[in-house]
Amino acid sequence: MTVYFKIIASSLICLMMYLVLNKYSKDFSLLLSIAACTMILVVCISYIGPIMQFLNKLEVIGQVNSDTIKVLFRSVGVGILAEITTMLCNDAGNSSLA
């Protein structure tokens with residue numbers, strides 16, 4: 001649970017820094033937002049290993065084809081990337097592009 005609290009605390013700190021920087025320079029505030037998202041993504045990648053082991057067990061137990069799981073992961077990945085891109089465009093002040 002401490003990792004979750006660290007992620008939340010660092011996100012709140014980045015949010016405060018974003019709000020302060022946004023008044024002076026929108027470019028640096030956008031870079032800070034991208035860096036914060038990247039930092040959180042790197043931390044979350046370390047938790048993918050147990051999830052993959054669980055999915056391999058489900059694949060064996062349920063006799064599901066691995067191609068089905070690959071398609072599922074690709075569709076989820078595209079959805080996550082689209083959501084992150086939308087949030088970044090909204091942060092940059094371009095809601096019509098989002």
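Predicted model: local features only at pLDDT ≥ 70, side-chain atom pairs only at ≥ 80, totals over all residues.

Biologist: Let us begin with burial. Is Ser-29 buried or exposed?

Modeller: The general idea is a cut-off: a residue counts as buried when its relative accessible area is under 20%, and as exposed when that area is over 50%. Ser-29, which is found in helix H2, has a relative accessible area of 1% and is therefore buried.

Biologist: Which residues does Ser-29 touch, not counting residues up to four places away in sequence?

Modeller: A contact here requires heavy atoms within 4.5 Å. With that sequence limit applied, Ser-29 touches Tyr-18, Leu-21 and Asn-22.

Biologist: Where does Ser-33 lie, and what is it in contact with?

Modeller: Ser-33 also belongs to helix H2, which covers residues 26-45. Its relative accessible area is 10%, so Ser-33 is buried. Neighbours within four places in sequence aside, Ser-33 is in contact with Tyr-18, Leu-88 and Asp-91.

Biologist: Let us turn to the loops. Is Ser-25 buried or exposed?

Modeller: Ser-25 sits in the loop between H1 and H2. Ser-25 is buried, because its relative accessible area is 18% and the limit for burial is 20%. In the loop between H2 and H3 we find Ser-46, which counts as exposed because its relative accessibility is 54%.

Biologist: Why is Ser-75 called partly exposed?

Modeller: Partly exposed is the class between buried and exposed. Ser-75 lies in helix H4, and it falls into this class because its relative accessible area is 43%.

Biologist: Which residues make the nonpolar surface patch?

Modeller: A residue can join a patch when its relative accessible area is over 30%. The patch here is made by Phe-5, Ile-8, Leu-12, Leu-15 and Leu-19, and its area is about 490 Å². Phe-5 has its place in helix H1, residues 2-24. With a relative accessible area of 53%, Phe-5 is exposed.

Biologist: How many residues line the largest pocket, and what is its volume?

Modeller: The largest pocket has a volume of about 390 Å³. Its lining has 14 residues, and those nearest the centre are Leu-41, Ile-48, Val-76, Gly-77 and Ile-80. The elements that contribute two or more residues to this lining are H2, helix H3 (48-62) and helix H4 (66-91).

Biologist: Which element gives the most to the lining of the largest pocket?

Modeller: That element is H4, with seven residues.

Terms used: Residues numbered from 1 in each chain as written. Heavy atoms only, no water. Patch = residues over 30% accessible without salt bridge, like charges linked within 9 Å, V, L, I, M, F, W, Y side chains within 5 Å. Areas by Shrake-Rupley, 256 points an atom, 1.4 Å probe, with all protein chains shown as cover. Salt bridge = Lys/Arg side-chain N within 4 Å of Asp/Glu carboxyl O. Helix = DSSP H or I, 4+ residues; strand = E, 2+ residues; numbered from the N terminus. Buried < 20%, exposed > 50% of the residue type's maximum accessible area, 1.4 Å probe, protein only. 1 Å grid on protein atoms, 1.4 Å probe; cavity = no way out; pocket = protein on both sides within 12 Å on 5 of 7 lines; lining within 4 Å. Points joined across faces, edges and corners; volume = space filled by probe spheres on them.
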